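This report covers fold, confidence, surface and charge pairing. Please view the model alongside the text.

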Amino acid sequence: MKSELQEALQRANAALSNEQQAKRDCQEQAKIAAEAQSKYERELMLHSSDVEALQAVKEQVATNSAIKQQLEEAAQKAESTLRESKASWEERERALKDEASKLASRCQDLEKQSQLLHEQLETLSNKMMASMKEGGSGALNVSLSEEGKSQEQMVEIIRYC
């Protein structure tokens with residue numbers, strides 16, 4: 001019986017040892033499970049933060065795209081306005097140059113006419129002086145008739161000067 005008792009004691013010790021080892025294994029497995037759960041929760045929170053950050057970036061990209069579109073439209077409108085304004089200014093410049101050219105031509109014509117009138121007036125004055133020296137007005141009438149000018153035209157010329 002002693003041997004049975006010893007055998008039972010050994011089995012009890014072995015069972016006790018197995019129980020303690022099973023408890024230790026169970027505690028180790030519980031610790032591993034808790035660490036895994038904690039790691040999973042951290043990863044889930046990080047993933048959630050990443051998803052939120054990604055959503056914020058997507059919203060910023062959408063906002064920036066809308067702003068870019070608005071700026072491109074404004075730039076196109078400004079370019080169109082610039083082209084129209086440039087064409088208008090070029091047309092206005094051409095018109096002003098044409099007008100300036102016509103005015104310059106007209107000015108030259110008027111200067112020539114003025115010079116001619118001054119020459120005619122000087123000639124007439126010289127003839128009038130010569131006629132007065134000779135003492136008669138008949139020569140003046142003949143002189144005016146020879147030039148083909150009427151007395152009224154000469155009076156206008158004199159008034160002009």
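E93 counts as partly exposed, at 41% relative accessibility. Here buried means under 20% relative accessible area, exposed over 50%, and partly exposed in between (1.4 Å probe, protein chains only). A salt bridge is a side-chain nitrogen of Lys or Arg within 4 Å of a carboxyl oxygen of Asp or Glu. Both K97 and E93 lie in helix α1, four residues apart, about one turn of the helix.

## Basis of the model

This is a predicted model: local features need pLDDT of at least 70, side-chain atom pairs count only at pLDDT 80 or more, and totals for chains, interfaces and linings use all residues. Residues are numbered from 1 along each chain as its sequence is written, and side-chain values use heavy atoms, with hydrogens and water left out.

The predictor's confidence in each residue is its pLDDT, from 0 to 100. The protein chain averages 85, and 84% of the residues score at least 70. Confidence is highest in α1, at a mean of 91. It is lowest in helix α2 (residues 138-147), at a mean of 49. Where pLDDT is low, the predicted coordinates should not be read in detail.

## Fold

The protein chain has three helices and zero strands. From the N terminus on, the elements run α-α-α. Helices (H or I, at least four residues) and strands (E, at least two) are DSSP runs, numbered from the N terminus.

How far apart are the end C-alpha atoms of α1? They are 190 Å apart. The 133 residues of α1 should span 198 Å at 1.5 Å a residue, which agrees. The expected span is 1.5 Å times one less than the number of residues. Just after α1, G135 takes a positive phi of about 90°.

## Surface and burial

Of the 161 residues of the protein chain, 5% count as buried. Which residues are buried in α1? They include S114, L121, L124 and S131.

The accessible surface of the protein chain comes to about 14,100 Å². Carbon and sulfur atoms account for 55% of that surface. Accessible areas come from the Shrake-Rupley method with a 1.4 Å probe; for residues, only the protein chains shown count as cover.

## Further salt bridges

A search of the whole structure finds four salt bridges. Side chains of opposite charge can pair when their charged atoms come close. One of the bridges joins R94 and E91, at 2.7 Å, N to O. These residues are three apart in helix α1, separated by about one helical turn. R94 is partly exposed at 45% relative accessibility. E91 is also partly exposed, with a relative accessible area of 45%.

Another bridge joins the side chains of E19 and K23, at 3.5 Å, N to O. Both lie in helix α1 (residues 2-134), four residues apart, about one turn of the helix. E19 is partly exposed, with a relative accessible area of 39%.
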